[in-house]
Amino acid sequence: MRYRTLGQTGLMVSEIGLGAFPISGMQRQADGTRFGWTGTEDAESIALIHRCEELGINLIDSAEGYGDGHSEVLTGKALRGRRDKWIVATKVQPNAGIDSGSRDVPAVRRRITEACELSLKRLATDYIDVYQLHAVPYEWAMPAVMDALAGLRQSGKVRWYGISTNDRQAVEKLGTFGPVHMLQIGYNLLERSADGFLRWAKAENIGTLIRVPLAKGQLTGTYFGADARTIPENDVRFERFNTPQTIDGLKRLPQLLFLRNRTRTMAQAALRFVLDHPGVSCVIAGARNRRQVEENADSVEMPPLTDAELERAIPIADTIGTPGWI
């Protein structure tokens, strides 16, 4: 494994991190049905986190909303006795339970601080290395949100904080109320609109975690054409994979299979594409089993895509697009 500095935080993060949304698994809904990520088992999820550690992966990215906190709970169980070997990142939805027109500043502060306490409990840890806003706060709430994050850092419960968004203007606005230490940005071969944003972050010495590097599985080389419909209806990806735009795009994705060769898989080529961007600190790739983790980790040893491959791949990717994915 190779490591990069997460901007101004100084944290040395593995080039490939673990996106912990898939391990949230299936959760029972109010109507008794189950919904979430299919094909996951808690025991395997814990085993894959341990396998990540063996491979040198040291960052895991979760959120309070992943499986109603189940992802955080499993992370806490897996990291018991080995917490010091990991950089734990998680996220909070700043607008949850807040009326957009209320301008209830105390409620905003409570939302951030109480959510953090609950995440700490689920994660079974005394501190969170990287705490991220999972959405852009209401504009009137931004000062209170940033003040609450600063307070959590001062108390030692959070080491660094930032936001998951592709909205540079929102980041700059938040920055007027306090430091934004890092960003989580959506970027992949099919959705490259954040290219300039990533370059700006690098110039500002703001570290980046990259989400959806495989476009929620589109770039794994698994779900092509009618195969996409094999995703069960109770899977979180079903709706997106069955939009007219995505169905049309999946029919053309086989044109990118030339990126797969005897030394790398389609997924590894897609991860390598993201890793080669100068503004990228760490690519957080989701996984449901140890085999996927091993495949993802191996991408750091792959050579960059050649100019000829990029010249051929990018026009194809532009015809596919990923409406609504990021």
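1. Gln-184 sits in strand S10 (residues 182-186); strands are DSSP E runs of at least two residues, helices H or I runs of at least four, numbered from the N terminus. Gln-184 is buried, at a relative accessible area of 2%. Buried means under 20% relative accessible area, exposed over 50%, and partly exposed in between, with a 1.4 Å probe and protein chains only. Neighbours within four places in sequence aside, Gln-184 contacts Asp-61, Lys-91, Gln-132, Ile-163, Ser-164, Thr-165, Leu-209, Arg-211 and Ile-284. Contact means heavy atoms within 4.5 Å.

2. A word on the basis. This is a predicted model, in which local features need pLDDT of at least 70 and side-chain atom pairs count only at pLDDT 80 or more, while totals for chains, interfaces and linings use all residues. Residues are numbered from 1 along each chain as its sequence is written, and side-chain values use heavy atoms, with hydrogens and water left out.

3. Arg-288 is in the loop between strand S12 (282-286) and helix H10 (290-298). Arg-288 is buried too, with a relative accessible area of 17%. Its C-alpha atom is separated by 6.2 Å from that of Ile-23, 265 residues apart along the chain. Residues up to four places away in sequence not counted, Arg-288 touches Pro-22, Trp-37, Thr-38, Gly-39, Thr-40, Glu-44, Leu-48, Tyr-223 and Arg-237.

4. Next, a helix pair. Helix H1 (residues 42-55) packs with helix H2 (residues 70-78) at about 55°, and the axes are 9 Å apart. Axes are lines fitted to C-alpha atoms, for helices over the stretch in contact; angles run from 0 to 180 degrees between N-to-C directions. H1 and H2 are therefore oblique to each other. Under 35 degrees counts as roughly parallel, over 145 as roughly antiparallel, 65 to 115 as roughly perpendicular, and the rest as oblique.

5. Which residues make the contact? From H1 come Asp-42, Ser-45, Ile-46, Ile-49 and His-50; from H2, His-70, Leu-74, Thr-75, Lys-77 and Ala-78. By class, the contact of H1 with H2 has four nonpolar, four polar and two charged residues. Ala, Val, Leu, Ile, Met, Phe, Trp, Tyr, Cys and Pro count as nonpolar; Asp, Glu, Lys and Arg as charged; the others, Gly among them, as polar.

6. The whole structure has zero disulfides, a disulfide being a pair of cysteine sulfur atoms within 2.5 Å. Cys-52 is in none; its nearest cysteine sulfur, that of Cys-282, is 11 Å away. Cys-52 is buried, at a relative accessible area of 1%. Cys-282 is buried, at 0%.
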